[in-house]
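Dear colleague,

Please find the structure below for your review. My notes on it follow.

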Amino acid sequence: MGAPGLLAVWLTPAVWLTLPALILAGGPDGLWVGLAAVVAPLVAVLARVRQARSGDGGPVPLFHVAVLFLVVAGLIWANLVVVGDLVGRLGAPRWHGIAIAAAGGLLLTAWRGAERVTVPLLVVTLGGAVVPLLLVALASGISPVGAWGAVASRTGFHFARQSHWVTEGRDLRLAHGHTGIVFDEEHRITVSGEGTLRLYSKDGGSGAEREWKLSPGQSILARPGDRLEPAPGMRVRFEADKRVPGAPPSGIAWAAGRRVQARDALGLAVTLMGGAIALLAPALPPRPSRLAVGLLGSGLVLALFWAQGWAIYAALGAPDVFLGGVTAEGLLDVPRLVLGESAGALRLQGLLLVGAFASFLASTIALRGRVARVDAPGGGEIGRDLGLWAMAFGGAGVASLWPVDPWPLVLLVLGAAASALAPAVLLPRHGNQPRAATLAGCVGLTVFALLAAAGSVRGRVLDDLLAVAAGYPAVAALPAALGVLWLAGRRAPE
Amino acid sequence: MRISPHARREPSATPSTSITHLRAAGAILVFLLAAFPLLAMLPNDVAGIRVAGLSILWWYGGVLAPLAAAATATLAGQCSAEEIPSSPDAPGLP
């Protein structure tokens, strides 16, 4: 698999579209994710070279094939969620986007020469991502470094007088990200249509929910700390020059970020590096050329630069995107918010959507190719098994009808890959023994599943002692699997 | 689905220099990554000092470290791979 295939496996839409949202939401916290996403595949390159030196070609345990298939299906699921959310953001039903994308991915499965279109699809992705950014940057009339300085010097992110949330109002459905709308200051909310609004207030230790049936033009007053409950279909207006709920307190606070939590940083790094080693290292040739590694590195760096640019110009020209928490699909509004309601802005939104679709298709081809590589003696038939992939796309498509946050899903899938598959790459001499590799993979995946399940338990002990393992289970599961592989590999007869 | 075993290739007997290259490159990549949170944790908000319009933390995490990581992997991967005997692109482990 060459650099384009590796880029398509790693930089799926769920990753490259989420990076600007994470940077916008968390400043340096998001940048850390971006940096880890760049470094992880490069670590996988070195792991592959090291693995090749120890000898390739142990038989592929069936357990590993099954886990790899489930990992790929999980990534397809996360990406279908993203495509559905993007389409839903433009006003069409989510399922339309999910159905078209899943059908496209499945159709490519039936085409034996699908690998040939990976590069053209990536070129379309590049155009779909870069052209809107360049035009938004030109419209802003400021360099990326200047834009960062302007954002980092802002005293706050406020609703502009010409914002559609102020002038005519927008559907509240578009404002609810992952955090809900929580107000930091007194704010008057005016409804543009008839309906019911609910505010959740916290007074002292107890909470209370208030409900109003409102007619067009009527308004309610939200106090600091109040949370506006979702009311899909309700059009509301906010006050001009008031802080956007969900935005950082100031540009200075955004640029400085929170105090970095070392345990979270470690957990994320292990998950991404382990996932990259599991997914990418075995797909690399034993002797990757300098050109291939250079192309891979350039593509990763370009993706991070794009994500930073998109985040910075969004914060500069479209602070409305902070409303209710930043989401990947919410960033689709940036051209319209920066350039205003125009045909050009709509075309840029469309271009970004086309780029995301192209990226999804390229990723499905590359992910199928990754699974096919474990069946090289069978001619990679597993990668073209229509029944199997119809099951994967169908299952992922149905699952993605239920809206979930795609980024935690990606981390969950990569963590599972890191726990079950990465040990065999990291300890190649032991990993070449199928029984030892299977045992280690089983242990890794079991530990991962137990910790992931425990992660939903909010006990104090868990929070204090095992928070990192519960939040990023691969931190404990990967070393456990490595230990088992090392022991089993030593005991197994050669 | 047919998953058949492959003949295992013997480990190559190569000098330890390329192993050292790989280890050094891996250490550099990990250091490049680890330096970001360490930089952010420096006292007196040293990472927030602006140089040519960007803070030190953003220069490092957004520009310098990614470029340095890409260059390190490109150079080290090739140096070490040159000493691996050429073989068909075996499927290897998943």
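Are Phe157(A) and Phe322(A) buried or exposed? Phe157(A) is buried, and so is Phe322(A), where buried means under 20% relative accessible area and exposed over 50%, with partly exposed in between (1.4 Å probe, protein chains only).

This is a predicted model, in which local features need pLDDT of at least 70 and side-chain atom pairs count only at pLDDT 80 or more, while totals for chains, interfaces and linings use all residues. Residues are numbered from 1 along each chain as its sequence is written, chains are lettered from A and ligands numbered from 1 in the order in which they are written, and side-chain values use heavy atoms, leaving out hydrogens and water.

Over all chains, the structure holds eleven aromatic pairs (rings of Phe, Tyr and Trp, the last by its six-membered ring, with centres within 6.5 Å; planes under 30 degrees apart count as stacked, over 60 as edge-to-face and the rest as tilted). One of them joins Phe157(A) and Phe322(A): the ring centres are 4.9 Å apart and the planes stand at 55 degrees, so the pair is tilted.

The pair of Phe183(A) and Phe238(A) is also tilted, because the planes are at 45 degrees, with centres 6.3 Å apart. Phe183(A) and Phe238(A) are both buried. Together with Phe159(A) and Trp165(A), these two residues form one aromatic cluster.

Finally, 14 of the 19 residues of helix 11 of chain A are buried, so this helix is largely enclosed by the rest of the structure (helices are DSSP runs of H or I, at least four residues, and strands of E, at least two, numbered from the N terminus).

Yours sincerely
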